[in-house]
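Here is a short report on selected residues.

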Amino acid sequence: MAKTTAPAKPAKKTVEPTPCLCGCGENSKGKFRPGHDARMCSQLAKRVEARELTRAKALAEAGKASEALKNKLATMLDNQAKRFKERGDRAVARAQAKAARAAARSGDEKVSA
């Protein structure tokens with residue numbers, strides 16, 4: 001009886017390390033080191049907030065890495081804009097309340113004079 005041999009296992013592919021796309025200078029097996037995709041989103045969002053980049057350019061830069069990263073950044077920027085508007089609304093409300101208190105105080109002074 002002839003011996004049968006098991007089929008040969010295919011050789012493992014070796015992945016060449018590539019520079020991480022976040023700009024940290026470290027090498028990764030994929031596009032990013034673990035967690036560095038979020039780092040890149042945060043960096044881009046901060047640059048948009050500082051008006052160093054437009055929203056469209058930041059989304060285009062994130063889109064070079066992947067569509068998922070672009071969507072993640074879009075959500076982050078939407079939330080950032082919402083928080084900015086809420087802070088502005090609170091600041092306006094505080095200024096109006098302060099002006100009303102000042103007007104009330106000046107009205108009280110005129111009555112007592």
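## Basis

Helices (H or I, at least four residues) are DSSP runs, numbered from the N terminus. The model is predicted: local features need pLDDT of at least 70, side-chain atom pairs count only at pLDDT 80 or more, and totals for chains, interfaces and linings use all residues. Residues are numbered from 1 along each chain as its sequence is written, and side-chain values use heavy atoms, with hydrogens and water left out.

## His-36

His-36 belongs to helix H1, residues 36-49.

Beyond its neighbours within four places in sequence, His-36 is in contact with Cys-20, Cys-22, Cys-24 and Glu-26. Contact means heavy atoms within 4.5 Å.

Helix H3 spans residues 67-112 and holds Arg-87. Arg-87 is partly exposed, at 41% relative accessible area; that class runs between under 20% (buried) and over 50% (exposed).

Arg-83, Arg-87, Arg-90 and Arg-94 form a positive surface patch. Patch residues have over 30% relative accessible area and no salt bridge, with like charges joined within 9 Å. A salt bridge puts a side-chain nitrogen of Lys or Arg within 4 Å of a carboxyl oxygen of Asp or Glu. The charge of Arg is placed at CZ.

Arg-87 and Arg-105 are 18 residues apart in sequence. Their C-alpha atoms are 27 Å apart in space.

## Arg-51

Arg-51 sits in the loop between H1 and helix H2 (55-65). Arg-51 is exposed, with a relative accessible area of 74%. Its phi is near 60°, a positive value in a residue other than glycine. Most residues other than glycine have a negative phi.

Methods. Helix = DSSP H or I, 4+ residues; strand = E, 2+ residues; numbered from the N terminus. Patch = residues over 30% accessible without salt bridge, like charges linked within 9 Å, V, L, I, M, F, W, Y side chains within 5 Å. Areas by Shrake-Rupley, 256 points an atom, 1.4 Å probe, with all protein chains shown as cover. Lys, Arg positive; Asp, Glu negative; His and termini not counted. Buried < 20%, exposed > 50% of the residue type's maximum accessible area, 1.4 Å probe, protein only.
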